[in-house]
Amino acid sequence: MTDQPASTMRMRTAMRQKLESLASAGVTHIQSPRAAQPREPAQPREPAEPSVLAELQATQNAAPGVCAQMLQPRQAMPLPLAEVQPASTAAGADSLEQVGRDAASCRLCQELATTRTQTVPGVGHPQPRLMFLGEAPGADEDRQGVPFVGRAGQLLTQMIENGMGLKRGDVFIGNVLKCRPPGNRTPSPQEAANCRPFLDRQIALLKPEFICCLGAVAAQNLLATDRAIGKLRGQVHHYRGSKVICTYHPAYLLRNPAAKKDTWADLQILMQEMGLPNPGK
Ligand code: SF4
């Protein structure tokens, strides 16, 4: 048996670190180049990390009576399969992996391309019923290459798993921008326009029945409107065959716990549209 070349060992180490990073972020699926296989029914998950629940409980205490359901661990519900085709036949030769590769080599936004650690194209189930869409990667996401892994990401996981009874790996999570704006500033209209083809390619491949926009930037960009998030939430919109629900960004909820009751109401609309059991009724 011959020694492994150093480049092969480095590549294996980098791949193992990347997989461990994805696993720690709750990623349970990576799309195969071949046609994706039908998913298994969702399995019950362990209750959320005590530290996260304690933090949520603290914000709950700051606004008594707000979305208590979001704090209660729930049994994950089986997610009905959407009628989808394999990505290879649903969108020609394109693939989520190709979108990720193209974004990684993209330098359309000069400032972002020169300051990013890496691009963050998105993670999750390759054939989801539900896609969550945020604004842009933050510092943690830029470091790990995975969206929604910081405190706001932990709250999003709570919303998905404890609030909706799904698993994070059953949905796809992405952002309007694939690169972190320096200092977490709001993406410029030009940056959002530059990155839009990547988002539209992802939506064409994923064909989600439902898209949940998290925050004004995601909602306004997807729906091409300048209406305030407060006016967009609470109703069902449509984008290219997907039903769209808009609600507040988890980072906003961490700063404004009183808004959790509105987000919980939006999630209840989403669950009703998806045919999921609603624990609030
Ligand atoms: S934000 Fe999007 S368009 Fe801009 S450089 Fe990054 S990948 Fe390219």
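**A chat over the model**

Modeller: Let's start with Arg-240, which is exposed, as 12 other C-beta atoms lie within 10 Å of its own. Keep in mind that this is a predicted model.

Biologist: Why does Arg-240 count as exposed?

Modeller: Because its count of other C-beta atoms within 10 Å is 12, and a residue is called exposed at 12 or fewer.

Biologist: Okay, and where does Arg-240 lie?

Modeller: Arg-240 lies in the loop that links β5 (236–239) to β6 (242–247). The backbone there is worth a look: Arg-240 is not a glycine, yet its phi is positive, about 45°.

Biologist: Which other residue has a positive phi without being a glycine?

Modeller: Phe-148, with a phi near 55°. This residue also sits in a loop, the one between α6 (139–144) and α7 (151–163).

Biologist: Is Phe-148 buried or exposed?

Modeller: Phe-148 is buried, because it has 30 C-beta neighbours inside 10 Å. The cut-off for buried is 20 or more.

Biologist: Switching topic: how many residues surround the ligand, and which are the closest?

Modeller: There are 15 around it, and the closest are Cys-106, Cys-109, Cys-179, Asn-194 and Cys-195.

Biologist: Which helix gives the most to that shell?

Modeller: That would be α8, with 4 residues. Both α5 (110–115) and α8 (189–206) supply at least two residues each.

Biologist: And how does the shell split by class?

Modeller: Around the ligand you have 10 nonpolar, 2 polar and 3 charged residues.

Biologist: Last thing, the whole chain. How many helices and strands are there?

Modeller: The chain has 12 helices and 6 strands. Of its 281 residues, 42% are buried.

Biologist: What share of the contacts with a separation of 6 or more comes from residues 24 or more positions apart?

Modeller: Those pairs account for 77% of such contacts in the chain.

Biologist: Great, thanks!

Terms used:
Residues are numbered from 1 along each chain as its sequence is written. This is a predicted model: local features need pLDDT of at least 70, side-chain atom pairs count only at pLDDT 80 or more; totals for chains, interfaces and linings use all residues. Two residues are in contact if their C-beta atoms, placed from the backbone, lie within 7 Å. A residue is near a molecule or strand if its C-beta atom, placed from the backbone, lies within 6 Å of it. Ala, Val, Leu, Ile, Met, Phe, Trp, Tyr, Cys and Pro count as nonpolar, Asp, Glu, Lys and Arg as charged, and the others, Gly among them, as polar.
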